[in-house]
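Student: I have a model open and would like to learn how to read it. Can we take the features one by one?

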Amino acid sequence: MGTNGSTMLEPLRQGLPPLDPAAVSDAASCALPARYEAVRDARRFTRGTLDQWDMGDRFDDVCLVVSELVTNALRHGLPADTACAADREPPVRLHLMRWTERLVCAVRDPSHDSPVARETDDFSAESGRGLFLVDSFSDSWGWHPLAGALSGKVVWALFRLPRSGSE
């Protein structure tokens, strides 16, 4: 199952459903600062990107998942003392990648801790529901640690896209 060749996005493919990296038709990413306004920025970036890709009809589901992944990265993926140092790259990064029949949202953060879906029956609870929402609204999701120069992990969610055309 190994991949040959190495690209910047290689870590995002580990553990993903088999997707040919050469067949990526579109990819976009944005760095997000360690502030909660970053969730709004991520939503705006996602809307703009999906509009460009003529996928505005998927915006609600994708945006909900992006919001949850970014919120989790900010809440659980950053050291408590993370300040917005101007000289450092923002610690969280959102990647959107599109194949013919798949869209993948991936969020990178500096933590090595695995994302944990808290078992909770209290659906009014503010915290702990995020990964259940990700699981409900995406077709599959997962995470993996980053290798090489980048430390941390990537949490990804995959959306199946309808075939376009007359097939």
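Tutor: Start with a pair of strands. Strand 1 and strand 2 run antiparallel and are joined by seven bridges. Bear in mind that this is a predicted model.

Student: What holds strands of a sheet together in general, and which residue stands opposite L96 of strand 2?

Tutor: Strands of a sheet pair through backbone hydrogen bonds, in a parallel or an antiparallel sense. Here A28 is the residue opposite L96. Likewise, C30 stands opposite L94 of strand 2.

Student: How many bridges join strand 2 to strand 3?

Tutor: Six, and these two strands also run antiparallel. They form a hairpin, with three residues between them. Across this pairing, L96 has C105 of strand 3 as its bridge partner, and L94 stands opposite V107 of strand 3.

Student: And where does strand 3 go from there?

Tutor: Strand 3 also pairs with strand 5, in the antiparallel sense, over eight bridges. One of the facing pairs is A106 with W156 of strand 5.

Student: In what order do the five strands lie in the sheet?

Tutor: The order is 1-2-3-5-4, in an open sheet with antiparallel pairing. On average, neighbouring strands are turned by 15 degrees against each other, direction ignored.

Student: How do I read the two faces of a strand?

Tutor: In a regular strand, side chains alternate between the two faces of the sheet. Strand 2 shows what to look for: V92, L94, L96 and R98 are on one side, R93, H95 and M97 are on the other, and all of them are buried. Since seven of the seven residues of strand 2 are buried, the strand is largely enclosed by the rest of the structure.

Student: How many residues of strand 3 are buried?

Tutor: Seven of its eight residues, and strand 3 is therefore described as mostly covered.

Student: Let us turn to a helix. Which residues of helix 2 are buried?

Tutor: First the dimensions: helix 2 (residues 37-52) has 16 residues and reaches 23 Å from its first C-alpha to its last, close to the 22 Å expected at 1.5 Å a residue. Its buried residues are A38, V39, A42, T46, T49 and L50. Seen down the helix axis, they fall within an arc of 105 degrees, so they line one face of helix 2. On the other side, R40, R44 and Q52 are exposed.

Student: What covers the buried residues of helix 2?

Tutor: The cover includes strand 1 (26-32), helix 3 (59-76), strand 2 (92-98) and strand 3 (102-109). After helix 2 comes D54, whose phi is positive, near 55 degrees.

Student: How should I look for a nonpolar core, and which residues touch the most other members?

Tutor: Look for buried nonpolar residues joined through side-chain atoms within 4.5 Å. The largest nonpolar core has 29 residues, of which L32, V66, V70, L94 and L103 touch the most other members. Strand 1, helix 2, helix 3, strand 2, strand 3 and strand 5 (153-160) each give two or more residues to this core. Helix 3 gives the most, with nine residues.

Student: What is V66 in contact with, leaving aside its neighbours within four places in sequence?

Tutor: V66 is in contact with A42, T46, L94, L96 and C105. Another core, of eight residues, lies apart from the largest one; V104, A106, V154 and W156 are among its members.

Key:
Residues are numbered from 1 along each chain as its sequence is written. This is a predicted model: local features need pLDDT of at least 70, side-chain atom pairs count only at pLDDT 80 or more; totals for chains, interfaces and linings use all residues. Side-chain values use heavy atoms; hydrogens and water are left out. Helices (H or I, at least four residues) and strands (E, at least two) are DSSP runs, numbered from the N terminus. The expected span of a helix is 1.5 Å times one less than its number of residues. Buried means under 20% relative accessible area, exposed over 50%, partly exposed in between (1.4 Å probe, protein chains only). The arc is that of the directions from the helix axis to the C-beta atoms. Contact means heavy atoms within 4.5 Å. Two strands pair if DSSP finds at least two bridges between them. Axes are lines fitted to C-alpha atoms, for helices over the stretch in contact, and angles run from 0 to 180 degrees between N-to-C directions.
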